[in-house]
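Colleague: Could you take me through this fold, please? I would like to begin with the helices and then turn to the sheet.

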Amino acid sequence: MTSATADAVGARGTPGVPAGPAHPSEDRRWRQVDVRIRRLGARPDGLIEVLHTLQQLFGYLDDDALAYVSEALGVPPSQVMGVATFYSFFVLKPQGAHTCVVCTGTACYLNGAKAILRALREALGVEVGGTTADASLSLLGARCLGACSQAPAVVLDGEVHGKVLAEEITALVASHA
Ligand code: FES
């Protein structure tokens, strides 16, 4: 969720809803954020819901994410920051040095997400939403990462791994923890 890359434009793709601001990165999870914004009508009163979606997809809310939401919803940056810091369930920085997001959306669930989560929990000794004792890795879940054709999908440090096997992804994730 870092590095400003201006070429991926947050196109809402809905008549009457203006194209959104440039995505902070080329990470495809921004498309999921756009879908959520579109469903909420790209209005300021969708702020908390959009922040929830962002945190679920990325694990935390950084400055780029807050700026994107501010622009996309037309909410002043100070107000976005105010909401993000007021509610204790919002996290403004990664809790572990690495972040692993396992998709548990329908396509991924039907293709093995449950086994992947079980294997990761056992290998890392943490539950979903938790961080390893040495703060090396946070294990997170998401409802859909927008990569259903790649189900089951896991995002490790922002990189999407599709059609993963539990043993493969567990070994890869464990090497980051
Ligand atoms: S359900 Fe997993 S990427 Fe869509």
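Predicted model: local features only at pLDDT ≥ 70, side-chain atom pairs only at ≥ 80, totals over all residues.

Colleague: Which residues of helix α1 are buried?

Modeller: In α1, which spans residues 29-39, the buried residues are Arg-29, Trp-30, Gln-32, Val-33, Asp-34 and Ile-37.

Colleague: And what do the buried residues of α1 pack against?

Modeller: They pack against α2 (47-58) and α3 (63-73). After α1 comes Gly-41, which has a positive phi, near 80 degrees.

Colleague: At what angle do α2 and α3 pack?

Modeller: The angle is about 145 degrees, and the axes of α2 and α3 are 11 Å apart. The contact involves Leu-47, Val-50, Leu-51, Leu-54 and Phe-58 from α2, together with Ala-65, Val-69 and Leu-73 from α3. By class, this contact of α2 with α3 has 8 nonpolar residues, with no polar and no charged ones.

Colleague: Now the sheet. What is the order of its strands?

Modeller: The order is β2-β1-β3-β4, in an open sheet of 4 strands with mixed pairing.

Colleague: Why is one side of β2 and of β4 left without a neighbour in the sheet?

Modeller: β2 (137-142) and β4 (159-161) are at the edges and each has a single partner strand, so one side of each has no neighbour there.

Colleague: In which sense do β1 and β3 pair?

Modeller: β1 (residues 98-103) and β3 (residues 154-156) pair in the antiparallel sense, over 3 bridges. Val-101 stands opposite Val-155 of β3.

Colleague: Which strands does helix α6 lie across?

Modeller: Helix α6 (residues 166-176) lies across β1, β2, β3 and β4, and runs at about 20 degrees to β3. Helix α5 (residues 106-124) lies across β1, β2 and β3, at about 145 degrees to β1.

Key. Residues numbered from 1 in each chain as written. Buried ≥ 20, exposed ≤ 12 C-beta atoms within 10 Å, placed from the backbone. Helix = DSSP H or I, 4+ residues; strand = E, 2+ residues; numbered from the N terminus. Contact = placed C-beta atoms within 7 Å. Axes fitted to C-alpha atoms, helices over the stretch in contact; angles between N-to-C directions. Nonpolar A, V, L, I, M, F, W, Y, C, P; charged D, E, K, R; others polar. Pairing = 2+ DSSP bridges.
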